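Here is a short walk through one protein model. Keep the structure in view and follow the elements in turn.

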Amino acid sequence: QLHIPSRSFAFLRSTGPLAMAVEGSQTKKLKVATMAPGAAASMADHALVEADDEDVPYSLIDKLQESGINAADLKKLKDAGFNTSQSVAFAMRKDLLSIKGLSDQKVDKIIEAARKSSEVGFVTCTQLVSKMKSRFQIATGAGKFDQMLGGGVESCSITEIFGEFRCGKTQLCHSLAVMAQMPSNMGGANGKVIYIDTEGTFRPDRVRQIAEAKGVAAEAAMDNIVCARCYTSDHLEQLLVEAAGLMVNDEDRFALLIVDSIMGGFRVDYTGRGELADRQQKLARVMNQLQKVSEEFNVAVVLSNQVMADPGGGCAFMPSFPKPVGGHILAHFSTTRVMLRKGRGEQRIAKIYDSPCLPESESIFEIFGGGVRNGGD
């Protein structure tokens, strides 16, 4: 059976849509098995291709021992969900002090060591451009949609997709979960996927259908999607901690984290204006976690989001479009916001709602058995 990614495959030079990793060291030397679209999923149809080494974008917290931090304190940090030097450098001091057994002096020493081993200071614009070359983009499967996004869903950033029910948010998430596993020359990132489902809409059968339509082994594609059913906002926070642990401890590399949908639990857990401030503070913490994960592990984060009606937003001659829930907190944390709305039949219309670098534009795509494609294809 075909196994797809390993920790170092953001840019595999492969010609087929699926990759198989052979276990190696932390900086892995991969052997990639490729399968031509439409070919049978047998090992006889696979050709072995060598892939390049790629360093992981983070440093394990165990390396802080070289700076004089003892193993017992490092174990306490791991138990609290701090698995990398970057996670410590990005953390608030009060959060580290809340860990039982860590004194003020120990926390100060740990923070100093973590910041020295992580690049958290100023850099020149030229250095930043060089650092950003490791980022990748994941195609949706609809070429015009990807062109509107500047190539696809970008790593080290949060992409929010919002719209009414039946406008294609979950279908797009399923398609991205398969596309992320493809080689870079097929629009993917050769990585595994974490899928957090807050609404109970994740369907493995749909993943199978999309994978088979793209000519890849369905069982291998499903093995490389790690999913969890989320029930509350507290549960979501815990799952994000576990997701960071998976990205460190799994032998394979992750390329995409999906939350479908981000506001599902919050709208149930917090009701009325009296709890609005608490809800937004909790949402800010969750979004901050997602932002740190995306930058720390160089993964793309995709969030689907619900909408609410705005009765006073339109007039007699112009319709009122639904507004995304989550308020300004969600708006400021999301790097790119895409609004979806229904079109004719299976067609959907995507619009850039907000982006730091993309112009406002629209694209028509279509939902079909193989995921999504250009409208009219």
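The model is predicted. Start with helix α7. Its buried residues are Lys169, Thr170, Leu172, Cys173, His174, Ser175, Leu176, Ala177, Val178 and Met179. That makes 10 of the 11 residues of α7 buried, so the helix is largely enclosed by the rest of the structure.

Next, look at how this helix packs. Two packed helices are described by the angle between their axes and the distance between the axes. Helix α7 spans residues 169-179, and helix α8 spans residues 204-213. The two pack at an angle of about 55 degrees, with their axes 9 Å apart. α7 and α8 are therefore oblique to each other. Their crossing is right-handed. On the α7 side, Gln171, His174, Ser175 and Val178 make the contact. An α-helix has 3.6 residues a turn, so residues three or four places apart point the same way.

Now move to the strands. Strand β12 covers residues 336-342, and five of its seven residues are buried, so β12 is largely enclosed by the rest of the structure. Strand β5 (residues 157-163) runs parallel to β12, joined by five bridges. Threonine 159 has threonine 336 of β12 as its bridge partner.

Strand β13 (residues 347-354) also pairs with β12, but the two run antiparallel, with six bridges between them. Here lysine 342 stands opposite arginine 348 of β13. β12 and β13 form a hairpin with four residues between the strands. In that hairpin, glycine 345 takes a positive phi near 60 degrees.

How values were computed. Residues are numbered from 1 along each chain as its sequence is written. This is a predicted model: local features need pLDDT of at least 70, side-chain atom pairs count only at pLDDT 80 or more; totals for chains, interfaces and linings use all residues. Side-chain values use heavy atoms; hydrogens and water are left out. Axes are lines fitted to C-alpha atoms, for helices over the stretch in contact, and angles run from 0 to 180 degrees between N-to-C directions. Angles under 35 degrees count as roughly parallel, over 145 as roughly antiparallel, 65 to 115 as roughly perpendicular and the rest as oblique. A crossing is left-handed if the near helix is turned anticlockwise from the far one by less than a right angle, and right-handed if clockwise. Contact means heavy atoms within 4.5 Å. Buried means under 20% relative accessible area, exposed over 50%, partly exposed in between (1.4 Å probe, protein chains only). Two strands pair if DSSP finds at least two bridges between them.
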